[in-house]
Amino acid sequence: MAKVDVKCSFCERTGSAKKHGQGKADHQRYRCQMCCRTFQLDYAYRACHQGMKK
Ligand SMILES: [Zn+2]
């Protein structure tokens, strides 16, 4: 299995998130083991793009 190197959107730790099934539209969901929250990578990417455009 490939190592998941995902940064948590909440506590910003890297490597503590594990795959947590998939949401709608094939979004991979992750669950952070440190803060026990679930999040989607797609959110972070979109926010990043919007931030860079302006
Ligand atoms: Zn976290």
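**Exercises on a zinc site**

In this predicted model, the four donor atoms around the zinc ion subtend angles of 105 to 124 degrees, and the arrangement is therefore tetrahedral.

**Exercise 1.** Work out which protein atoms are the donors of the zinc ion and how the donor residues are spaced in sequence.

*Solution.* Begin with the atoms: the protein donors are the SG atoms of Cys8, Cys11, Cys32 and Cys35, which lie 2.3 Å from the zinc ion.

**Exercise 2.** Decide whether Cys11, Cys32 and Cys35 are buried or partly exposed.

*Solution.* The cut-off needed here is that a residue is buried under 20% relative accessible area. Cys32, with a relative accessible area of 0%, is therefore buried. Cys11, at 30% relative accessibility, counts as partly exposed, and Cys35, at 28%, counts as partly exposed too.

**Exercise 3.** Find how many disulfides the structure holds.

*Solution.* Recall that a disulfide is a covalent bond between the sulfur atoms of two cysteines. A search of the whole structure then gives zero disulfides.

**Exercise 4.** Describe where Ser16 lies and what surrounds it.

*Solution.* Ser16 is found in the segment before strand 1 (17-22), and with a relative accessible area of 10% it is buried. If its neighbours within four places in sequence are left aside, Ser16 contacts Arg31, Cys32, Gln33 and Met34, and of these Cys32 is a zinc donor residue.

Conventions: Residues are numbered from 1 along each chain as its sequence is written. This is a predicted model: local features need pLDDT of at least 70, side-chain atom pairs count only at pLDDT 80 or more; totals for chains, interfaces and linings use all residues. Side-chain values use heavy atoms; hydrogens and water are left out. Helices (H or I, at least four residues) and strands (E, at least two) are DSSP runs, numbered from the N terminus. Buried means under 20% relative accessible area, exposed over 50%, partly exposed in between (1.4 Å probe, protein chains only). Contact means heavy atoms within 4.5 Å. A disulfide is a pair of cysteine sulfur atoms within 2.5 Å. Donors are N, O and S atoms within 2.8 Å of the metal (3.2 Å for Na, K and Ca); water is not among the atoms, so sites may look incomplete. Four donors count as tetrahedral if all angles lie between 85 and 135 degrees; four count as square planar and six as octahedral if opposite donors are over 155 degrees apart and all others between 65 and 115; anything else is irregular.
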